[in-house]
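The following paragraphs lead through the strand pairing of one model and then turn to a single residue. Please keep the sequence and the structure in view.

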Amino acid sequence: MKEKSRQRHETVKAAVTAAVDKFKAKSAAKHAKNQNTVTEDRLEMIVTVVARSKAEYYLDLLQSFEVNMQTVLPARGTADAHVLELFGLSDSDKAVIVGIIRENKVQAAFAALDEKFKTIKNGKGIAYTVPLTSVIGTLIFAFLSNNRMSVKREEKGQ
């Protein structure tokens, strides 16, 4: 009788150990997968239209909000010379600055841009964002979100 009890005990102990090991393996795999997945920061495309002569200034300002990728496109306003003269505007050359910014930095960037639009001579402009729904590749996402720790972690894993 004691022998059967001991065998049952050993069988149950082995089954429990196997279940615990299986759970630990799943948990470790899930944890390793989560380390390479960057999901905490959503990205938005920020578009800023300013006078072409002020483009460099606004590029630097946006860079202070960790906008890692920026492109400047030359543009021209749509108003004709008569309307520009009527409003006291002389220059219709514009720059469209397109960049990628983290969602949690948007409000601070807008506040800084609004303050600069109001205080800088001939520094008026507009800015808006468009949410990005997906980015292909964790390294690209990490670069665009300025998440250097994820980039380093991904490079070590390869």
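Valine 47 has valine 98, in β3, as its bridge partner. The two strands concerned, β1 (residues 43–51) and β3 (residues 93–102), pair in the antiparallel sense over nine bridges. Two strands are taken to pair if DSSP finds at least two bridges between them; strands (E, at least two residues) and helices (H or I, at least four) are DSSP runs numbered from the N terminus. In general, strands of a sheet pair through backbone hydrogen bonds, either parallel or antiparallel.

The model is predicted: local features need pLDDT of at least 70 and side-chain atom pairs count only at pLDDT 80 or more, whereas totals for chains, interfaces and linings use all residues. Residues are numbered from 1 along each chain as its sequence is written, and side-chain values use heavy atoms, with hydrogens and water left out.

β1 and β3 belong to an open sheet of four strands, ordered β2-β3-β1-β4 with antiparallel pairing. Its edge strands, each pairing on one side only, are β2 (70–76) and β4 (125–131). From one strand to the next, the twist averages 20°. Helix α4 (residues 106–119) lies across β1, β3 and β4 and runs at about 165° to β4; angles run from 0 to 180 degrees between N-to-C directions, and axes are lines fitted to C-alpha atoms, for helices over the stretch in contact.

Strand β2 contains valine 72. Valine 72 counts as partly exposed because its relative accessibility is 38%, between buried (under 20% relative accessible area) and exposed (over 50%), with a 1.4 Å probe and protein chains only. Residues up to four places away in sequence aside, valine 72 touches Leu59, Ala95, Val96 and Ile97, contact meaning heavy atoms within 4.5 Å.
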